[in-house]
Amino acid sequence: MDGRMLLNSKNLKKLRKIKGLSQEKLAQECKDHRIQLSIASIKRAETGKQVLYRTAAALASYYQVSIDEICSQAG
């Protein structure tokens with residue numbers, strides 16, 4: 001499945017800030033953990049734009065949460 005979906009941008013920002021990371025540092029952390037996630041994808045997700053399912057899966061994997069927890073409906 002590689003459709004597009006909306007994520008909860010507030011939840012994503014909160015999760016990132018809890019870890020004390022900038023968007024750039026998050027992208028680097030993901031790279032270090034071999035999680036494919038670009039800075040552009042992070043920005044897209046955190047500004048409320050649709051992202052690919054694989055981006056949602058990568059974010060969920062990094063934050064160790066379910067995809068449902070970061071979906072826009074999970075507000």
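Predicted model: local features only at pLDDT ≥ 70, side-chain atom pairs only at ≥ 80, totals over all residues.
Q: What should I know before reading the model?
A: Local features here need pLDDT of at least 70, side-chain atom pairs count only at pLDDT 80 or more, and totals for chains, interfaces and linings use all residues. Residues are numbered from 1 along each chain as its sequence is written, and side-chain values use heavy atoms, with hydrogens and water left out.

Q: Which residues of helix α1 are buried?
A: A helix is a DSSP run of H or I with at least four residues, numbered from the N terminus. Buried means under 20% relative accessible area and exposed over 50%, with partly exposed in between (1.4 Å probe, protein chains only). In α1, residues 9–18, the buried ones are S9, N11, L12 and R16.

Q: Where do they sit around the helix axis?
A: An α-helix has 3.6 residues a turn, so residues three or four places apart point the same way. The buried residues of α1 fall within an arc of 160 degrees (taken from the directions from the helix axis to the C-beta atoms), so they line one face. On the other side, K10, K14, K17 and I18 are exposed.

Q: Where is R34, and where is Q64?
A: R34 lies in the loop between α2 (23–32) and α3 (39–46), and is exposed at 79% relative accessible area. Q64 is in the loop between α4 (53–63) and α5 (67–70), and is exposed at 73%.

Note on methods. Helix = DSSP H or I, 4+ residues; strand = E, 2+ residues; numbered from the N terminus.
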